[in-house]
Amino acid sequence: VRYFRKQYLRGNEANLVLAGCGMERPALIDDLTAAAFALAIADVSEAPRTKTEFDAMLQQGRGQLVGCGKDIESLLLDCLATLTKVRRGLLALKDKHSQSSKEDMQVQLDGLFYPGFVSSTPYEWLQQYPRYTKALLLRLERLSGQQNKDQQHTQSLAEMAEPMRLYLHEQADALQLNPQLQRYRWLLEELRVSFFAQSLGTSTPVSAKRLKEQWDRVEQWKIEN
């Protein structure tokens, strides 16, 4: 932990990125550290129940810890550099006809970047953050020429996000408990890429129809559990 605090997110590049996106280094380092520890032991299928099992897991994770931290630092610097440009673009967006799109992008940012997002985001999806922020930037750059299409997509996303919002209002920890809901949440992010930055590609096939099918799985999980 001392090594992480001394070595990671240091230097001019990191300082500029953190200042540009309004994040504090100490809190982000603690978050990165927690994520690196979790990732270093990610291959362990079960928690250790004896000292021997614990020592074996500790030894396995020790050798991977620094590399895991470096990987997370790299993807953070990548996505946060783009995030800085996105935040500047949103501040400059004054056109009243673009306000619904602006509000939707802000909601998306709030759902991606919040205190503790690094360690609470499954690593397979955290790895997609650079693409998500690049998709946001592309959406901003194209907005002036695609306002009608953007607003149509914004409405579609709002409709698909509403049942998840209601579910989370009823049960705040549902994302942690319901794996089908968690997948639905990230498929929504992939659908955003498909809508606004198709050239970047998606990590998995996605469409409104697939989202509907995934929501059916969410409901089925609720019934069974």
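Helix 3 (residues 25-40) and helix 4 pack with their axes 8 Å apart and at an angle of about 130°, where axes are lines fitted to C-alpha atoms, for helices over the stretch in contact, and angles run from 0 to 180 degrees between N-to-C directions. This is a predicted model, in which local features need pLDDT of at least 70 and side-chain atom pairs count only at pLDDT 80 or more, while totals for chains, interfaces and linings use all residues. Residues are numbered from 1 along each chain as its sequence is written, and side-chain values use heavy atoms, with hydrogens and water left out. Helices (H or I, at least four residues) are DSSP runs numbered from the N terminus.

Helix 3 and helix 4 are therefore oblique to each other; angles under 35 degrees count as roughly parallel, over 145 as roughly antiparallel, 65 to 115 as roughly perpendicular and the rest as oblique. Helix 3 passes helix 4 in a right-handed crossing, a crossing being right-handed if the near helix is turned clockwise from the far one by less than a right angle, and left-handed if anticlockwise. Among the residues that meet here are Leu28, Leu32 and Phe37 in helix 3 and Leu65, Ile72 and Leu76 in helix 4, contact meaning heavy atoms within 4.5 Å. By class, this contact of helix 3 with helix 4 has 12 nonpolar, 4 polar and 1 charged residues, with Ala, Val, Leu, Ile, Met, Phe, Trp, Tyr, Cys and Pro counted as nonpolar, Asp, Glu, Lys and Arg as charged, and the others, Gly among them, as polar.

Helix 4 (residues 51-92) also packs with helix 8, at an angle of about 20° and with their axes 8 Å apart, which makes helix 4 roughly parallel to helix 8. The crossing of these two helices is left-handed. Helix 4 contributes residues including Leu75, Cys79, Leu83 and Val86, and these belong to a contact in which helix 8 supplies, among others, Tyr129, Leu136 and Leu140. The contact of helix 4 with helix 8 has 10 nonpolar, 3 polar and 3 charged residues.

A further pairing joins helix 9 (residues 147-170) and helix 11, whose axes come within 11 Å and cross at roughly 175°, so that helix 9 is roughly antiparallel to helix 11. The contact includes Leu157, Met160 and Met164 of helix 9, together with Leu188, Arg192 and Phe196 of helix 11, and its residues divide into 13 nonpolar, 3 polar and 3 charged.

The structure holds 1 cavity of 30 Å³ or more, a cavity being, on a 1 Å grid over the protein atoms alone, a set of points where a 1.4 Å probe fits but cannot get out, whereas a pocket is an open set with protein on both sides within 12 Å along at least five of seven lines, and lining residues have an atom within 4 Å of a point. The largest cavity has a volume of about 30 Å³, and its lining consists of Gln108, Tyr132, Ala135, Leu136, Arg139, Arg192 and Phe196.

The largest pocket contains about 730 Å³ of space. It is lined by 27 residues, of which Val107, Gly111, Met164, Arg185 and Glu189 are the closest to its centre. Helix 5 (99-112), helix 9, helix 10 (174-177) and helix 11 give two or more residues each to this lining, which has 12 nonpolar, 7 polar and 8 charged residues.

Methods
Points joined across faces, edges and corners; volume = space filled by probe spheres on them.
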